[in-house]
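Hello,

Here is the structure I said I would pass on. My notes follow below it, for someone who has not looked at it before.

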Amino acid sequence: MRSKFLLFLAPLLFFSLSACAQQDRVDASVFQARMKEAGAQLVDVRTPEEFAKGYIAGAVNNDWLEEGFLDRAKTLDKSKPVLLYCAAGGRSEEAVAAMKKAGFTNVVDLEGGFNGWKRSNLPVANK
């Protein structure tokens with residue numbers, strides 16, 4: 001009986017932990033909804049050249065590839081939601097990990113990045 005229970009419990013725990021780990025990355029519709037949360041801080045981690053070609057309205061640009069990313073991120077409020085995106089999701093995933101290590105507690109990443117945002121036909125701003 002105990003082994004049957006463990007066989008049932010093990011996959012359940014695995015899927016629960018997987019779901020928790022994935023909360024750092026959300027799809028475009030959830031990301032857009034999270035942007036409306038009180039105090040949400042939207043950060044585009046692409047290069048300034050990429051940002052200049054189009055971005056999500058309200059975003060500030062903080063290039064992940066440029067030295068000093070975390071120093072510049074110190075201007076953000078660690079207690080409020082931080083929403084990050086890059087072009088496809090790789091750089092922002094790394095930035096989420098670095099920011100969490102630096103003490104940010106509520107950081108999410110846009111699945112598919114800015115390209116995924118555009119594929120979802122969501123609005124794009126230009127300078």
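**Notes on the model**

F51 is buried, and Y55 is buried as well. Their ring centres lie 4.4 Å apart with the planes at 15°, so the pair is stacked. Please keep in mind that this is a predicted model.

**Overall layout**

The protein has six helices and five strands. Along the sequence they follow the pattern α-β-α-β-α-β-α-β-α-β-α. Of the 127 residues in the protein, 37% are buried. Among contacts with a separation of 6 or more, 66% are between residues 24 or more positions apart.

**The sheet**

In what order do the strands stand in the sheet? The order is β1-β5-β4-β2-β3, in an open sheet of five strands with parallel pairing. At the edges are β1 and β3 (60-61), each with a single partner strand, so one side of each has no neighbour in the sheet. As background, strands of a sheet pair through backbone hydrogen bonds, either parallel or antiparallel.

Strand β5 covers residues 107-110. With strand β1 (residues 25-26), β5 pairs in the parallel sense over two bridges, and the bridge partner of V26 in β5 is L110. With strand β4 (residues 82-85), β5 is joined by three bridges, and these two strands also run parallel. Here L83 has V108 as its bridge partner in β5. Between β4 and β5 the chain passes through helix α5 (residues 90-101), and this β-α-β crossover is right-handed. Helix α5 lies across β1, β4 and β5, and runs at about 175° to β5. Elsewhere along the two strands, V82 stands opposite V107 in β5.

Strand β4 also pairs with strand β2 (residues 41-44), in the parallel sense and over four bridges. In that pairing, D44 has Y85 as its bridge partner in β4.

**Nonpolar cores**

Which members of the largest nonpolar core touch the most other members? They are F31, L42, I56, Y85, L110 and W117, out of 16 residues in this core. At least two residues of the core come from each of α2 (28-34), β4, β5 and α6 (113-119). Another core, of 13 residues, lies apart from this one and includes V43, A73, C86 and V96.

Leaving aside residues up to four places away in sequence, I56 touches F31, M35, L42, Y85, L110, F114 and W117. In soluble globular proteins, nonpolar side chains tend to be buried together.

**Aromatic pairs**

How many aromatic pairs are there? The count comes to five. One of them, Y85 with F114, is stacked, at 6.0 Å centre to centre and 25° between the planes. This pair links distant parts of the chain, since Y85 is in strand β4 and F114 in helix α6, 29 residues apart. Y85 is buried, and F114 is buried too. Together with F31 and W117, Y85 and F114 form one aromatic cluster.

**Where to begin**

Y85 is the bridge partner of D44, is listed among the core residues that touch the most other members, and forms a stacked pair with F114.

Regards

Conventions:
Residues numbered from 1 in each chain as written. Predicted model: local features only at pLDDT ≥ 70, side-chain atom pairs only at ≥ 80, totals over all residues. Heavy atoms only, no water. Buried < 20%, exposed > 50% of the residue type's maximum accessible area, 1.4 Å probe, protein only. Pairing = 2+ DSSP bridges. Right-handed = clockwise from strand over helix to strand, strands pointing away. Contact = heavy atoms within 4.5 Å. Axes fitted to C-alpha atoms, helices over the stretch in contact; angles between N-to-C directions. Core = buried A, V, L, I, M, F, W, Y, C linked by side-chain atoms within 4.5 Å. Phe/Tyr/Trp six-rings, centres within 6.5 Å; stacked < 30°, edge-to-face > 60°.
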